[in-house]
Amino acid sequence: MLIASTSDIHSPKYLTQFFMAYNNIRNVKIDLFLLAGDLVNEGEYNHFYPIYDVLKKYTTVAVFGNEDFTEKREYYRKYFDKIIWLEDEVTKLDINGKKVTIVGSEGVLEEPTKWQKLNGFDEEFYRKRKEKIFKMLCEEGDLKILLTHYASSFSTVVGERKSAYPQLGDRIIEEAECLPHIAIHGHAHYAKITFSVVRNVRVYNVALPANKKIVLIQTF
């Protein structure tokens, strides 16, 4: 199975880079396309149409990022309905005869930003979300994937300022009792290390600004 994954397109900011990256893989047989959030700038979902026109022919699963504003997310589900959108949810797919379980969430921050704290996304909010992710990760599947926007391990944000790590993600992979086979995230634009293995979990930071390409992941 071949998975293609990217995030942080922030359309229209990196839209040209997305299409340049896509042109390099357009003739590759992709079984599953995963989007790890921050697809447009400031919730302007209209800028997602060109990306959707390309990805709607694939089996595509996506999570939202902090730039995919909460109040606009219903429009993604309505106008881009060939994509499976996950918000603290699990979807199970049958791909090439294999049961693929995808746990999807915007993810967890170790330290919320000041704006988030003022708007109800405080430490307690993320604690509860983290517990829910831990529970969902105990779902069964031949291939289990954790798909988040925020980093699920700090091993793949190296290159960012260390002081910024708590606002880039959390140590989900290091702490979870039930583990996925693969963890995919974005958000860390300036990471120099975008792949790591943590507790036998392959962790990928697929942020387009960090990778300069769409990341291909071979499984079975």
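Me: Which residues of α5 are buried?
Reply: This is a predicted model. In α5, the buried residues are Y126, R129, K130, I133 and M136. Buried here means under 20% relative accessible area.

Me: What do the buried residues of α5 pack against?
Reply: They pack against β5 (89-95), β6 (98-105), α4 (114-118), β7 (143-148) and α6 (172-175).

Me: How do you know that the span of helix α5 agrees with its 14 residues?
Reply: Helix α5 covers residues 123-136. At 1.5 Å a residue, it should span 20 Å. Its end C-alpha atoms are 20 Å apart, so the span agrees.

Me: What makes C138 and C178 a disulfide?
Reply: The cut-off is sulfur atoms within 2.5 Å. The sulfur atoms of C138 and C178 are 2.0 Å apart, and the pair forms a disulfide. By this rule the count is one disulfide. The link is right-handed, with 90° about the S-S bond.

Me: Which parts does the pair tie together?
Reply: C138 lies in the loop between α5 and β7, and C178 in the loop between α6 and β8 (182-185). The pair therefore ties together parts 40 residues apart in sequence.

Me: Why is C178 called buried, and why is C138 called partly exposed?
Reply: Buried requires under 20%. C178 has 19% relative accessibility, so C178 counts as buried. C138 has 36% relative accessibility, so C138 counts as partly exposed.

Technical notes: Residues numbered from 1 in each chain as written. Predicted model: local features only at pLDDT ≥ 70, side-chain atom pairs only at ≥ 80, totals over all residues. Heavy atoms only, no water. Helix = DSSP H or I, 4+ residues; strand = E, 2+ residues; numbered from the N terminus. Expected span 1.5 Å × (residues − 1). Buried < 20%, exposed > 50% of the residue type's maximum accessible area, 1.4 Å probe, protein only. Contact = heavy atoms within 4.5 Å.
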